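This report is written for a reader who meets the structure for the first time.

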Amino acid sequence: MNIDDIFTERVGGIAAGGGGRGKRKLAAAPSLSELRQHGYALNEDSEETAPAAKRPHTSAAPDSDGESDGDSEGGRFFSSGLTQHEKQVLAWVDQGDDAADGEDTVEGGGKLLARVQRAVERNTEQRVRHADAPLKFADSEADLDAALRALLPLAEASEGCAQLARHAELLVGLLGHANADIAGDVVELVHEASVDSDADSQVLVDALAQADFFDALGANLRRLDGASEYSADDDATVARTLDIVGALASQQPARAPEYLRSMRLPEWLLESLGARSEARQLLAAEALADLLPATPHVHTLFLEAQAPWRLLARMLAPAAAEVLENCADALCALLLTARGKQAFAPVAGRLAQMCPGDAHMRMLACKILAHALAPADVAAEEEENAVDARRESALAFVREGGVKLLGYAVLRRGVTRGLLREHPAADERAVSCLALTLRLTHGAPAHWRVLAKFLPSAAAPQDAAWKRHVDRLVELDVLYAERAAAQQDEHEEVVEEETRVAAVHALHMANVALGFVALAGDATRERIERLLRRRARSLDHVARELHGSADAAVTAADLERLLLQQ
């Protein structure tokens, strides 16, 4: 018995009391026993219901809303006209449709993977047979594309990832398919499992790694670079590839160097900063800015690829502002370590070339220099080498003309409100660069080249530029002192520890810079003391803050000793 016969069977007569020929009516619904004989499972307690009541000739009384509810279920125009038994049959049909759709779920994973295997075999056969006629294997390629996309639901569950893992070699092989769209489907599938899904994808990643997935992934990136023109689909594949690497690096930091080395990713990212496509440049810069701060384990690979020099070289060439920002962030992440500082020292002088007249570039240069000169969190045996690298960077920066850049940065020349919103810590970084440069160059001619910006010139006694520099430095020192005091006041709201530490650090750097400038000459010292008195401060306060105590015995006479001890 066919289930469709219930609704299509023609009857010979008409209903009692009716008229006309050729009318159709529903035949009696089959019994439960008949349905069970044909493999249909229905509830044992199913019963036929009485036929729906006819629509009454008179209107029903309105309900409380003024609307009639007499036709909500009954009547030939408003009810289904089906018995309960027939409704259950329809429900069974719907369940069958749902089961067919369910082949895209974990339970149907075996069939889906078998479909992919058949599609691969057919496509391979047709490509060999019609190697010179691409149109003849286009259909098989479309089938393969559809079969791979049908696997996406498997990546959303841990069981599905386990099924995919058993076919890791098949997936890795498809990464090298001549059609880049097929390789893109594989990348999208792994991206779904490792980035977009909550599934446990570790078993899949391990299986793929054993099948040389990361080697193939890196080769696919380079193949896309070699395309005659970049497409949106190719850029999407590149973005998903970088997302996969970023997710795995954060989930498995100890294995991240292994993955990146197999892909030769550091070289590819640094090369892509100069890609023909601005979109590809931005993808590479964003990946660097995300990967390096989050995964210190891979810093060695990037230092081996000469990342400090290549990042700085990219920033000195024309590029979009977002690319420059991301390059700066990536470089700053490398400069947090002693090895990064040592690798940067030989090229630190190039920072002075970052367009002193461009306020945005000055801000980025100060950000990088502040990281290069700041102490590194290193082991005791590495500390001496880190200090030497910091001193070498400071000397190179001054030697290449960085004094002018520092002067502009302290005075905030050319800085717009928009730039300040994007770089709220610009002033603090400028002061830090000045303070650290003065400290690290102490005893060298470079030290006095920096101080010359804050001293009256014997050759041009009428030049008041030095006064503007001194006044600005005192203004910042007072501002940071008030900010630090406000955050330590017990009557103020509790502030986050990070904010409090930042305020104290900014004050410390301002005190160091102001202390060196005050010791540089009598005229400068007198001007500083006069300006500080107007704000209820003195050089004694500066000395005590550098000492870290409120001991009245510490005075301005101790400034030089305190500055050299820091």
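Is Gln306 buried or exposed? In this predicted model, Gln306 has a relative accessible area of 51%, and since an area over 50% counts as exposed, Gln306 is exposed. The residue lies in the loop between helix 15 (299-304) and helix 16 (307-315), and although Gln306 is not a glycine, its phi is positive, at about 60°. Its C-alpha atom is separated by 9.1 Å from that of Leu270, a residue 36 positions away along the chain.

**The chain as a whole**

The chain has 566 residues, of which 45% count as buried, and its secondary structure consists of 29 helices and zero strands. Among the contacts in the chain with a separation of 6 or more, 69% are between residues 24 or more positions apart.

The mean pLDDT of the chain is 83, with 78% of the residues reaching 70 or more. Over residues 44-79, however, the pLDDT is below 50, and this stretch has 26 contacts in the model beyond near neighbours in sequence. The pLDDT is also below 50 over residues 97-104, a stretch with seven contacts in the model beyond near neighbours in sequence. Where pLDDT is low, the predicted coordinates should not be read in detail.

**Helix 7 and what covers it**

Helix 7 (residues 168-175) is largely enclosed by the rest of the structure, because six of its eight residues are buried. The buried residues of helix 7 are Ala168, Leu170, Leu171, Val172, Leu174 and Leu175. Their cover includes helix 4 (109-129), helix 5 (138-149) and helix 6 (158-165), and also helix 8 (180-196), helix 9 (202-210) and helix 10 (213-225).

Asp212 is not a glycine, yet its phi is positive, at about 65°, and with a relative accessible area of 46% Asp212 is partly exposed.

**Packing of helix pairs**

Two packed helices are described by the angle between their axes and the distance between the axes.

| Helix pair | Angle | Axis distance |
|---|---|---|
| Helix 25 (residues 465-488) and helix 27 (residues 522-534) | about 40° | 10 Å |
| Helix 11 (residues 232-251) and helix 13 (residues 265-272) | about 135° | 13 Å |
| Helix 11 and helix 14 (residues 278-294) | roughly 5° | within 11 Å |

By class, the residues of the contact between helix 11 and helix 14 are eight nonpolar, no polar and three charged.

With helix 13, helix 11 packs at an angle of about 135°, so that helix 11 is oblique to helix 13, and helix 11 passes helix 13 in a left-handed crossing. Here Val238, Leu242 and Val245 of helix 11 meet Leu265, Trp268 and Leu269 of helix 13, and the contact has six nonpolar, no polar and no charged residues.

Helix 25 and helix 27 pack at an angle of about 40° and are therefore oblique to each other, with helix 25 passing helix 27 in a right-handed crossing. The residues in contact are Trp466, Lys467, Val470, Asp471, Val474, Asp477 and Val478 of helix 25, together with Ala523, Thr524, Arg527, Ile528, Leu531 and Leu532 of helix 27. This contact of helix 25 with helix 27 divides by class into eight nonpolar, one polar and four charged residues.

Where is Arg537 found? Arg537 is in the loop between helix 27 and helix 28 (539-547), and at 9% relative accessibility Arg537 counts as buried. Apart from its neighbours within four places in sequence, Arg537 is in contact with Asp477, Val478, Ala481, Leu507, Asn511, Leu532, Val542 and Glu545. Among these partners, Asp477, Val478 and Leu532 also take part in the contact between helix 25 and helix 27.

How values were computed:
Residues numbered from 1 in each chain as written. Predicted model: local features only at pLDDT ≥ 70, side-chain atom pairs only at ≥ 80, totals over all residues. Heavy atoms only, no water. Axes fitted to C-alpha atoms, helices over the stretch in contact; angles between N-to-C directions. Helix = DSSP H or I, 4+ residues; strand = E, 2+ residues; numbered from the N terminus. Parallel < 35°, antiparallel > 145°, perpendicular 65-115°, else oblique. Left-handed = near helix turned anticlockwise from the far one by under 90°. Contact = heavy atoms within 4.5 Å. Nonpolar A, V, L, I, M, F, W, Y, C, P; charged D, E, K, R; others polar. pLDDT = per-residue confidence, 0-100. Buried < 20%, exposed > 50% of the residue type's maximum accessible area, 1.4 Å probe, protein only.
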